[in-house]
Amino acid sequence: MPNIKIFGGSSHQDLSQKIADRLGLELGKVVTKKFSNQETCVEIGESVRGEDVYIVQSGCGEINDSLMELLIMINACKIASASRVTAVIPCFPYARQDKKDKSRAPISAKLVANMLSIAGADHIITMDLHASQIQGFFDIPVDNLYAEPAVLKWIRENISEWRNCIVVSPDAGGAKRVTSIADRLNVDFALIHKERKKANEVDRMVLVGDVRDRVAILVDDMADTCGTICHAADKLLSAGAIKVYAILTHGIFSGPAIARINSACFEAVVVTNTIPQEDKMKQCPRIQVIDISMILAEAIRRTHNGESVSYLFSHVPL
């Protein structure tokens with residue numbers, strides 16, 4: 001693939017390497033370090049003049065540092081005469097701050113969109129945005145890829161009784177995602193209505209739908225402190241579900257998340273590798289990972305060659 005360069009930020013080296021391997025390319029040379037006053041310094045170690053540049057950086061770990069590093073890398077490539085700079089952001093940072101849900105609340109996702117555009121990004125590739133309207137915060141093209149095809153594949157290969165399952169959304173916001181998966185598997189769906197008193201704490205939950213004597217599969221786009229899905233799992237078991245699986249695109253797992261999963265009653269908690277999970281898997285044997293590097297790699301290949309990306313919305317590349 002001529003005239004293409006892929007650089008990996010420091011937030012998720014493993015994913016960047018997998019994407020480069022899949023495309024048969026070397027990762028571009030880049031050195032990111034911090035000065036003693038904690039300012040981020042980025043040195044691009046090779047020419048990008050006239051190249052199609054892809055920068056892979058996920059919103060995880062030290063999120064603000066990762067974001068700043070991404071902005072600096074985009075700008076460094078842009079002013080070094082790259083013909084096009086694409087930011088590949090598997091997990092979009094600040095995606096949950098996407099509306100004014102109370103007075104004087106910031107819409108930080110829009111701010112991040114503005115920062116990326118101003119830094120010089122020409123195109124964004126991301127995965128399972130928390131709210132798909134975030135695409136409208138940008139004036140540049142945004143490809144919001146879905147983990148759904150990879151999730152369907154995992155369900156069919158790893159849950160033997162998937163024909164007798166019910167797909168459950170732990171909140172009303174994820175109903176659309178869940179109905180889509182239920183339709184593709186030709187099974188029923190249920191949803192749980194939750195009320196929050198304040199962020200990261202769930203007040204009460206009501207189950208809508210019948211899960212008795214079924215295998216319940218909880219599907220959500222992200223799990224942070226895991227309060228919601230652990231509550232939901234208890235609710236499903238008390239309503240008569242045989243087993244409970246959880247499938248999440250972005251496993252953030254901050255704070256008490258790992259302890260909660262270990263003490264909850266999941267058969268497995270399945271996440272994708274949009275966020276590095278090696279350390280979490282050591283602490284919690286229930287966590288399993290679906291590799292989505294081939295979906296991102298194929299999106300990069302298709303974008304670079306000017307092909308349609310919509311095939312990836314319903315198929316996993318082989």
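Predicted model: local features only at pLDDT ≥ 70, side-chain atom pairs only at ≥ 80, totals over all residues.
## Helix packing and an aromatic pair

A search of the whole structure finds three aromatic pairs. One of them brings together Phe92 and Phe138.

**The Phe92–Phe138 pair**

- A pair of aromatic rings is described by the distance of the centres and the angle of the planes.
- For Phe92 and Phe138 the centres are 5.9 Å apart and the planes stand at 80°, an edge-to-face arrangement.
- Phe92 sits in the loop between β5 (84-89) and α3 (108-119), while Phe138 belongs to the loop between β6 (123-127) and β7 (142-145), so the pair ties together parts that are 46 residues apart in sequence.

**The annotated N-terminal span**

- An unreviewed UniProt entry annotates residues 4-120 as "domain: Ribose-phosphate pyrophosphokinase N-terminal".

**α2 against α3**

- The axes of helix α2 (residues 63-79) and α3 are 8 Å apart, and the two helices pack at an angle of about 25°.
- Angles under 35 degrees count as roughly parallel, and α2 is therefore roughly parallel to α3.
- On the α2 side the contact uses Leu67, Leu70, Leu71, Ile74, Asn75 and Lys78, and on the α3 side Val112, Met115, Leu116 and Ala119.
- By class, the contact of α2 with α3 holds eight nonpolar residues, one polar and one charged.

**α1 against α9**

- Helix α1 (residues 13-23) packs on helix α9 (residues 293-305) at an angle of about 55°, with 9 Å between their axes.
- That angle makes α1 oblique to α9, and their crossing is right-handed.
- From α1, the residues Leu15, Lys18, Ile19, Arg22 and Leu23 meet Ser293, Met294, Leu296, Ala297, Ile300 and Arg301 of α9.
- Seven nonpolar, one polar and three charged residues make up the contact of α1 with α9.

**α4 against α5**

- Helix α4 (residues 148-158) and helix α5 (residues 175-185) have axes that come within 11 Å and cross at roughly 50°.
- The two helices, α4 and α5, are therefore oblique to each other, and α4 passes α5 in a right-handed crossing.
- Glu148, Val151, Leu152, Ile155 and Arg156 are the α4 residues in this contact, and Arg177, Ser180, Ile181, Arg184 and Leu185 are those of α5.
- Sorted by class, the contact of α4 with α5 has five nonpolar residues, one polar and four charged.

Key. Residues numbered from 1 in each chain as written. Heavy atoms only, no water. Axes fitted to C-alpha atoms, helices over the stretch in contact; angles between N-to-C directions. Helix = DSSP H or I, 4+ residues; strand = E, 2+ residues; numbered from the N terminus. Parallel < 35°, antiparallel > 145°, perpendicular 65-115°, else oblique. Left-handed = near helix turned anticlockwise from the far one by under 90°. Contact = heavy atoms within 4.5 Å. Nonpolar A, V, L, I, M, F, W, Y, C, P; charged D, E, K, R; others polar. UniProt positions renumbered as here; feature names shortened; annotations may be inferred. Phe/Tyr/Trp six-rings, centres within 6.5 Å; stacked < 30°, edge-to-face > 60°.
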